[in-house]
Amino acid sequence: MNEKQNIIEYSRTLGFDKIGFVKPNALPNELQHLEEWLASGYNASMEWFHKRKDTLANPFALLDNLQTIVVTANAYPAKVDFGNTKMKIAKYAVLPDYHKRIKASLKNLDAFLFEEYNATSRYFVDSGVLLEKYWATAAGIGWQGKHSLIITPEFGSYINIGILLTTLAIEPDEPAKNHCGNCSKCIEACPSNAIVKPAVIDCNNCITYHNIENRGERSSQIMAAIRTSEYIYGCDICADVCPFNSKIATKSEEFHFDLPELLSGLSKENFDERMSGYPLKRPGYESLRLCIAAME
Ligand code: B12
């Protein structure tokens, strides 16, 4: 078995649904897009983007003798039944925190590459230092849709991405081709008009930004959009209308997550205990309560 096949086989035992490889390069065009995005204020209050600009556009700054960027994808449920409530949460949040799960698998991959090939690696999940979606396209995982998310033929956009940088040279994959064509259902469906042009999100108008990241004020307009959306954590509206997402069937398609049961017993202690290790713990009890109150 060759080196690449050996790594792919091992990655399957770690629970990755997909893996791809790309030879890194500096990203002058992406840096320019990122600068335009920041100059337009589309990052809202996420000031950290300004400080990380250089590594975001230059992965060589993150690992000496970087040879390959390994990109992984873990699928999450495509359909979730939330029980008898009009409130919703982002589908990825029905599973235990993906950062922890994927990092644990990447840690094993790192150890494997060291033991088998004496390679040095670093890994990241949802980090502030890499343009993960750019590398996912370059490594053939999927293409960047107009909602700005990576769409895979197998799991639609319902995936989380992991990245491992390594000193081992591995044969690269072909980049993914874009199949969105003239479709712009995601742009039209966003209730707060957050997709200003294909693949460009204005976070000031994005429901996920407001109900997960934003700790400051929310305008009455955005509150009205949140109420219409029914989302108290994250938002999947742009993804759910995507034709590539309606076609897929994942192993965990019929996932049941009893939101009413969770919300009915919502004392702080109860919430912290039940949500330990889950994404809802991140905004925390108080923030979630504010979102729920705003729904009434
Ligand atoms: C910050 C962030 C957010 C922010 C901003 C989102 C955004 N689109 O930037 C907020 C909080 C809103 C958010 C929301 C969500 N997020 Co988020 N987020 C991130 C994070 C940490 C950074 C993204 C980033 O770099 N943004 C900066 C912008 C500038 O980059 P970009 O969107 O790729 O934009 C590119 C294009 O616009 C292009 N471009 C711009 N102008 C032009 C012009 C031309 C001519 C061209 C050709 C290109 C071009 O260049 C840009 C740079 O490459 C990544 C993890 C990571 N490190 O990559 C996760 C990540 C993107 N998020 C993820 C997820 C799952 C979500 C949500 C679906 C969660 C949810 N259900 O609520 C939503 C989706 C909202 C949406 N439609 O984007 C996943 C995406 C998985 C996937 N299938 O792609 C990631 C990869 C995390 C992970 N590891 O799994 N997120």
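Start with a zero: no salt bridges are counted between domain 1 and domain 2, a salt bridge being a side-chain nitrogen of Lys or Arg within 4 Å of a carboxyl oxygen of Asp or Glu. Before going on, know that this is a predicted model, where local features need pLDDT of at least 70, side-chain atom pairs count only at pLDDT 80 or more, and totals for chains, interfaces and linings use all residues. Residues are numbered from 1 along each chain as its sequence is written, and side-chain values use heavy atoms, with hydrogens and water left out.

So what are these two domains? The protein chain is assigned domain 1 (3–79 + 93–166) and domain 2 (185–295), with bounds that come from an automatic or database domain assignment. Their C-alpha centres sit 23 Å apart. Each side brings 32 residues to the contact, where contact means heavy atoms within 4.5 Å. About 2,800 Å² is buried between them, with 63% of that from carbon and sulfur atoms; buried area is the accessible area (1.4 Å probe) that two parts lose on being put together, summed over both. On the domain 1 side, Tyr 42, Lys 79 and Lys 146 supply 21% of the area buried against domain 2, more than any other three residues.

What the interface does have is eight residue pairs in polar contact, both residues at pLDDT 80 or more. Such a contact is a pair of N or O atoms within 3.5 Å; within protein, one must be able to donate a hydrogen and the other to accept it, and residues adjacent in sequence count only if both atoms are side-chain atoms.

Now for the ligand. Of the 36 residues around it, Glu 30, Ser 127, Glu 132, Ile 150 and Ala 199 come nearest, and a residue belongs here if one of its heavy atoms lies within 4 Å. Helix α2 gives the most, with four residues; helices (H or I, at least four residues) and strands (E, at least two) are DSSP runs, numbered from the N terminus.

Zoom in on some atoms. An oxygen of the ligand lies 2.7 Å from a polar backbone atom of Ile 150, while a polar side-chain atom of Lys 133 is 2.9 Å from a ligand oxygen. A ligand nitrogen, in turn, lies 2.9 Å from a backbone N or O atom of His 147.

Back to salt bridges: the whole structure has nine. Side chains of opposite charge can pair when their charged atoms come close. One example joins Arg 12 and Glu 9 (3.3 Å, N to O). Because Arg 12 and Glu 9 are three residues apart in helix α1 (residues 3–13), about one helical turn separates them.
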